[in-house]
Every structure is written in structure tokens, then in C-alpha cells.
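Thank you all for making time this morning. I would like to take you through one structure, beginning with a question about how its parts meet and ending with its ligand.

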Amino acid sequence: MSQITNILVCGVGGQGVMTATEILAEAAISLGFDVKKTEVAGMSQRGGVVTSQLRFGKEIRSPQIGPGEADLLVAFESAEALRWSHMLKPGGVALVNTGCIVPPVVNLGLFPYPEDPVDKMRALGLTVHAFDATSIALGLGNIRLGNTVMLGASSDLLPFPAGVLRDAVLARFGARKPQLVEANREAFEAGRKAVAGEAVAA
Amino acid sequence: MPVSQTLPAPARLFLSGNDAVARAVWEAGTRVAAAYPGTPSTEIVEVLSRYLDLYTEWSINEKVALEVALGASMVGARAFCAMKHVGLNVASDALMTMTVTGTEGGLVIAVADDVGMSSSQNEQDSRYWGRFAHVPVLEPSDSQEAYSMTLAAFELSERFRVPVILRLTTRICHVKGLVQTGSRIEVEPAGFVKDPRHWVMVPGNAKPRLPKMLERDAALRAETEVSPLNEVIEGSDRRIGFVTSGAAFMHVRDAFPDAPVFKLGLSCPAPIERLRAFAASVDALLVVEETEPLIETELKAAGIACHGKDVLPRLHELVPDVLKPAVARLQGEVVEPPEHVAAQQVFPRPPTMCVACPHLGVYYTLSQMRNIIISGDIGCYTLGAGHPWNALDTCISMGASMGTALGMDKGRGAADANKKIVAVIGDSTFMHMGMQGLLDITWNRGNVTVLLLDNRAVGMTGGQDNPGTGRDIHGEERSRVDFAQLCEALGVRRERIHVVDPYQLPVLFKTIREETKIEEPSVIITNRPCVLIDDYKPTQPYMVQEDRCTGCGNCVEVGCPAIHVTRRDKVVKASGKEVDLSFVRIETSACTGCGLCVQPCAPEAIQHAAPVQTLQFIRK
Ligand code: SF4
Ligand code: SF4
């Protein structure tokens with residue numbers, strides 16, 4: 001990865017995109033990087049598109065990532081992954097939750113939901129790690145763990161050791177609810193394993 | 001639920017621009033801070049409310065917030081208020097006079113422009129207010145500067161006895177960066193000095209103050225020429241020099257790291273002579289400003305040649321990938337945009353109302369009515385304009401639903417003679433600016449049915465309290481407005497005021513239909529809380545019994561995001577008419593059991609489901 005690392009996290013309002021980016025930022029800060037984080041989230045709590053951008057390196061000026069500038073795309077929803085594909089730089093990597101959130105316009109039959117967004121992304125020549133983080137989180141008994149599952153999955157795609165991110169996740173959730181630490185540790189590892197497995201299968 | 005005070009000691013903290021402003025306001029020894037919530041400014045006073053050694057409040061609108069701050073300044077206290085760009089339009093009446101009186105205790109007004117329009121009805125450049133109101137404008141370009149310029153703004157305000165505008169934009173407010181912070185200083189207010197010539201702005205007192213204002217302008221012009229808030233960042237490539245401020249400064253530095261840059265921190269009044277010298281030191285000058293060509297025009301008026309909006313877009317953010325090609329064109333070069341795959345076409349995903357939102361029933365009902373004009377307002381319920389309801393015909397500004405509806409009623413011709421006119425407004429918006437409009441409706445006997453959607457929160461900005469919730473900014477119990485009584489006091493006859501449960505669709509439908517028939521002002525108040533606040537209590541969720549579902553799609557029309565179409569079909573009726581069918585499923589883990597979708601389902605296919613364990617995690 002280049003001297004500055006650009007990460008774009010995308011999803012749907014309410015999925016925890018911003019919290020995840022915040023935790024990634026905390027990990028980068030703990031390593032002494034200059035960090036900037038911003039989001040595009042008009043009325044974000046209400047099921048709209050959410051993207052959150054994270055840049056870290058020696059010195060960060062503009063907080064914004066342009067098309068073709070992201071090293072890593074972390075997508076919490078598969079149609080959103082496709083929507084933001086053009087932000088990836090050549091050789092960049094996308095991490096995609098294959099879970100779908102169908103919006104009202106699709107429900108009403110006004111627009112189709114893209115058929116197999118992950119396949120489409122691969123056909124565009126992108127490197128995609130795809131897995132069903134939502135199901136893993138539900139399997140662990142808490143859909144809100146999806147956040148941590150995604151972070152675990154991204155942890156081996158970052159320019160720093162996975163343990164740094166794990167510590168940031170546990171610090172964040174442990175501070176709020178100590179009883180959630182174990183569940184988050186499990187979710188983090190489940191995410192890591194899922195991507196490792198997916199990489200082998202691909 | 002008062003929040004305890006646990007403030008981090010001076011350190012390097014990762015703060016948003018809004019957090020940074022709040023921290024600096026607190027450190028500056030400010031005693032009073034007021035705001036009406038508005039994206040992207042909301043968090044400033046929200047964060048300040050946790051700092052218990054100053055008074056904070058949610059005011060009912062921005063004008064009142066500014067007046068509260070001015071009162072504090074009059075007694076010598078440092079005071080602060082925050083608003084979004086459109087809020088300053090509301091507050092401008094007070095601003096235009098306090099610029100004549102001047103201030104005592106430092107008074108800083110943070111105004112957040114929504115450049116790029118993430119959630120506003122317009123994109124407007126508040127830097128104009130600085131010129132219009134004769135007040136200085138400071139423009140931070142990241143969190144660290146948001147912090148340091150807030151402190152500088154208080155000093156400037158006290159030195160020149162003038163309110164200072166701290167102009168923020170979305171990319172300052174909502175960008176997080178590292179900030180070196182300090183500790184709070186205590187500033188003891190000097191006390192109020194009775195002096196009508198200073199504070200009572202009748203013509204006889206105001207007139208002698210106008211020349212003082214012009215003297216102050218001259219002093220500020222001298223200040224801006226020497227102020228360290230304005231600075232030149234040298235660069236080795238002198239083919240082009242940039243004049244810029246705010247978030248655009250960071251974009252310029254990112255895109256052109258070797259170019260000289262004149263960074264405007266105190267941008268109003270503009271340091272024209274320093275800019276003239278800078279212009280002479282570079283081959284060409286480009287003004288990069290969000291959003292209006294304001295400095296550009298001032299430079300040209302001063303006879304300084306420059307480029308600006310001739311090569312740059314007039315609207316939205318000036319990010320590096322917008323700047324690079326524009327500058328290349330100016331220099332006669334071609335730059336290739338960075339290589340990337342083409343943008344993919346995916347369905348639009350606009351924000352939508354929440355699962356079980358109490359507004360769902362209202363808009364579903366309105367969408368079922370014919371011959372109706374719906375005058376809308378600013379808030380979550382503006383989303384009624386979207387699918388599937390398409391039940392909003394206008395939306396202008398806070399409280400405008402009232403006057404607009406009255407105007408439609410009075411101005412209508414034969415074409416609209418039989419239409420029913422409905423105005424929809426939320427509780428907080430009603431108190432912000434709607435009450436006056438309703439008074440105008442009753443006084444002038446407008447034939448308007450007002451739907452007052454009381455969801456006991458400022459829903460759009462995250463559920464802040466207001467006089468209708470009976471709680472203050474700290475969650476402490478306060479007097480609570482009775483909307484029915486308030487509307488009666490505003491002239492609506494008691495018989496024409498109804499309080500209805502928005503989850504009871506037949507009652508809602510009947511009430512709206514009857515009230516729109518009666519030719520006098522009426523108000524229908526809904527009484528369910530926003531699903532995102534603590535007052536909302538979810539109950540047992542529902543599920544669809546597949547063998548009973550006929551695919552009529554009625555429940556989909558309600559618009560609840562928990563209802564998903566699983567299969568579509570077409571059938572040809574005996575009459576030869578083709579009918580689209582939508583078979584559905586309810587996302588049980590998201591459903592809160594409001595029961596709205598149950599009501600339009602004729603075959604009673606929607607039945608209670610077993611409560612699911614995940615429910616509690618989906619809602620906060
Ligand atoms: S009962 Fe129907 S409308 Fe209410 S939350 Fe459940 S699915 Fe949505
Ligand atoms: S309203 Fe009832 S019958 Fe019609 S689609 Fe919905 S669940 Fe099926």
C-alpha cells in the first residue's frame with residue numbers, strides 16, 4: 001500500500017458503518033499515524049446510503065478519497081459494494097458482506113436489485129473477498145456483531161498487524177459493556193477465518 | 001438522564017470539527033451556549049451540554065438562540081450559539097441589530113454551511129452574512145483549526161466588541177482529526193452596565209452608533225492585514241498561486257503540495273493588500289472558495305487579476321479530483337483522471353422512514369386520498385415525498401407549510417376549487433416557526449387542515465428534546481406544551497382539534513376526511529413517539545402467513561422497511577384486467593409490532609410472530 005492508506009467503508013444507514021470506521025481510525029491513531037475520517041451520510045439513520053472515509057499516513061490534508069484512490073473498500077452490503085466499486089484503485093481490494101438490504105424502491109418493483117453484485121465486481125477485474133457477515137453475526141446471536149465480523153475480516157488486509165485492530169475493537173466495546181468483550185472477540189476471529197477460508201476457496 | 005461530566009484532560013484528541021469547537025467554547029470560559037439542532041451543526045451544543053460548568057439549551061429557533069447568547073454577552077459573559085446555514089437566515093433579524101449595538105462578553109456564532117447539501121433544502125454561503133452584517137468571519141480548515149480559531153474568535157470579539165461568525169462547512173463539522181487541546185479558563189462577567197444609548201436601539205440611539213460601526217470596520221480591515229490568522233504557505237512551483245479558505249484549503253494542499261497558497265483564516269474583511277502582494281509573487285492566481293465567488297469578486301473589484309469560478313464549479317465541494325483537472329485546463333495541460341473501473345448503475349437508495357415510524361400511517365393515509373394538496377415542511381416527515389407515498393407537494397423552509405397552505409387556499413382558482421388543502425408539520429418545527437403561520441391561518445380563516453405530527457422529538461437531527469417533550473437538553477423534567485391547548489390559543493376552535501393515534505388507520509382516515517370537508521381551520525395532532533427515542537416501546541412482532549397472503553400488496557404501500565416483497569406475479573382477472581401481485585415477508589427481527597401493515601390486509605394474513613431475540617440489538 002502507498003504511503004497514505006485510503007479506506008472507504010460503505011453500507012446502509014443503521015448498519016454501523018461509522019462506528020467501524022471510527023474503530024479503524026482508533027487503531028491507526030494508536031500506531032502514531034496522522035488520521036482523518038469523514039462521512040457522506042445525508043440523514044444516515046434512515047436507511048440511506050452511508051460511506052465513511054478513512055485516510056492515514058504521515059500527514060493527511062484533504063479528508064476525501066477520490067475515484068480510483070481507495071486501497072481498501074469495506075462494504076457492509078453487496079449492492080453498496082457495487083455502487084462504490086469505482087472508488088477502488090487498480091490493485092485495490094474489496095471486502096464485501098454478501099448480505100442484502102432491499103430498499104423500498106426495489107420492493108415496489110421500480111428498480112431491480114443487481115444480480116450477483118460480487119460476480120459483477122470480479123468481472124470488472126477487481127479483487128473481491130466476499131462472505132456473509134450478517135449470517136455469521138446472527139449465528140453468534142447478535143446482528144449488531146456484524147460490525148466486528150467485518151472488522152475482523154478486514155484485519156489481515158491492513159498495513160498493520162491484526163492484533164492492533166482487535167485491541168481497538170475490544171477497547172471500544174469493552175468500555176461500554178464489559179460483557180460484550182468475549183462476543184466481540186469471537187466475532188472478530190469469525191470474520192478473520194471467514195475471509196481466510198474464502199481466499200482458499202477462490 | 002443527565003450525563004456526568006468526565007472530560008479528558010488536555011491531550012491530543014481525535015475530534016470532529018464540531019467536537020473541537022465545543023471543546024474550545026468550554027475552554028474559553030463560556031457561560032451560555034444555545035442552539036436549535038440542525039445538520040451539520042447539531043453536535044456542537046449537544047457535546048457542550050455534557051460540560052456542566054456552562055449553561056446550555058436547545059432554543060426553539062435560531063433567532064431565540066442568538067438572542068439568548070446576546071443577553072449573556074450584555075452582562076459580560078462569554079456566549080456562544082450555533083446553527084446551520086439556513087438558521088442564520090432566521091437569526092438574521094437579531095444579528096443585524098446586534099452588529100450595531102456590539103457586544104460585551106465575547107460572542108461567537110458558529111454557522112455550518114451544508115456545502116454539497118447532505119441534508120438541507122439549499123446550499124448557501126454564509127460568508128455573505130459577514131459582509132452584510134459588518135462582522136468578522138473566521139474560517140477553520142480542519143478540527144485543529146476549528147479548535148484554535150474558536151478561541152481566537154472570542155478574543156477578536158472582545159477586542160473589537162463585535163459578534164464573530166465562525167464559518168464551518170460539513171467537511172469541517174463532520175471530519176475527525178487530531179487536536180491538541182488545553183484546559184478551561186474561568187472568565188468572570190463584568191456585569192450589566194445600564195446604558196440605553198448602547199442597548200436601546202431606537203433611532204435616536206442607533207443613529208450615533210452607525211459611525212462607530214464603520215470605525216470598527218476600518219479597524220477590522222487594518223487587523224486582517226496583519227492577523228496571523230491569514231498566512232502564506234510558500235511553494236516552489238510559482239506558476240500558479242491559490243487563495244483559499246476552509247475545507248478547500250486542505251483540498252488545495254492535497255492536490256498541489258508544491259504550490260504557494262494564501263490561506264484566509266480571517267476572511268472577512270479580506271486582507272486585500274496582502275493578497276495584492278501575493279498575487280504579484282505568482283504567475284497566475286486562482287481563488288478556490290466554497291461556494292460563491294465572493295473573494296474573487298472582491299479581488300477583481302480591487303483591480304487584482306485572478307481566476308475562480310471561470311474554471312471551477314460554482315456549486316458543491318472543491319475536492320482534489322475536481323481541482324486537478326480544472327487547474328490543468330487553466331495551464332493548458334491535460335491530466336488523466338486516476339485509473340478506475342467505471343461507476344456502476346445501482347438503484348437509488350434515498351433515506352426512508354424507520355420501521356414503525358409514526359409518520360408511516362399518516363402518509364399512507366394521505367396517499368390513499370384523492371383531490372388533495374399537501375403542503376410539507378422540514379423534518380423526517382419530508383420523507384413522505386418519497387416512495388411509496390409520494391404524498392408531499394411542497395417543502396420550503398421551517399414552518400413554511402402553514403403560510404404556503406394558506407396562500408394556496410386564498411389564491412386558488414377554479415382548477416383547484418374542489419381540492420382539499422392539508423399542511424403537515426412536526427412538533428418541533430411547529431414551535432420553531434409554525435405557530436405564527438397557524439395564527440395567520442386562523443386569523444384569516446384559511447380553509448386548511450393542519451396535521452401536527454407530534455413524535456415528541458426533533459426527529460431528523462437525532463431525537464433532541466423540545467418544549468413538547470417536557471425535558472430539557474440534559475433530560476431533566478420541564479414544563480410540557482399541550483399542543484391541543486396551544487392550537488386553541490392560536491385561534492383554532494376546540495371542536496376542530498383532534499388528537500389521534502397514527503397507528504389507527506381507520507380513525508386517522510376518517511378524521512382527515514371529515515376535517516378537510518369542513519371549511520375552517522382544523523388541527524389533527526398525532527401522538528406516537530419517534531421510534532428512535534426512549535419513549536418508544538416495541539411490542540410483539542408480526543409475520544406473514546404465506547398460505548393466506550393473496551399478494552395484493554396493500555401492506556407494501558404502507559412503506560414500512562420491515563416488509564419485503566419476496567415474489568412478484570401477474571394474474572389476468574375475469575374482466576380481462578391484468579393485476580400485479582407482490583407476495584411479502586416481514587423481517588421479524590426488525591418489526592416492532594406497531595400493527596400498521598395488519599390493517600390494510602383483508603385476508604388477515606399478518607399475524608403475531610414469536611418475539612425474536614435479535615430485536616433488542618437492532619434498535620439502540
Ligand atoms: S407491524 Fe408492520 S408496519 Fe409495524 S413495524 Fe412491523 S412490519 Fe412495520
Ligand atoms: S396486505 Fe396481506 S394479503 Fe396483501 S400482500 Fe400484504 S400480507 Fe399479503
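How many salt bridges does the rule find across the interface of chain B and chain A? Please keep in mind, as we go, that what you see here is a predicted model. The answer is 5 salt bridges between chain B and chain A, and one that I can show you joins Arg349(B) to Glu80(A), where the closest N and O atoms are 2.6 Å apart.

As for polar contacts, 22 residue pairs are counted between chain B and chain A, both partners being at pLDDT 80 or more.

Let me turn now to the ligand. Ligand 1 takes up the space of the largest cavity, and 14 residues surround it, the closest being Cys560(B), Cys591(B), Cys594(B), Gly595(B) and Cys597(B). Sorted by class, the shell around ligand 1 consists of 11 nonpolar and 3 polar residues, with no charged residues.

Key. Residues numbered from 1 in each chain as written. Chains lettered and ligands numbered in written order. Predicted model: local features only at pLDDT ≥ 70, side-chain atom pairs only at ≥ 80, totals over all residues. Heavy atoms only, no water. Near = heavy atom within 4 Å. 1 Å grid on protein atoms, 1.4 Å probe; cavity = no way out; pocket = protein on both sides within 12 Å on 5 of 7 lines; lining within 4 Å. Sits in = over half its atoms within 2 Å of the grid points. Nonpolar A, V, L, I, M, F, W, Y, C, P; charged D, E, K, R; others polar. Salt bridge = Lys/Arg side-chain N within 4 Å of Asp/Glu carboxyl O. Polar contact = N/O pair within 3.5 Å; in protein donor to acceptor, adjacent residues only side chain to side chain.
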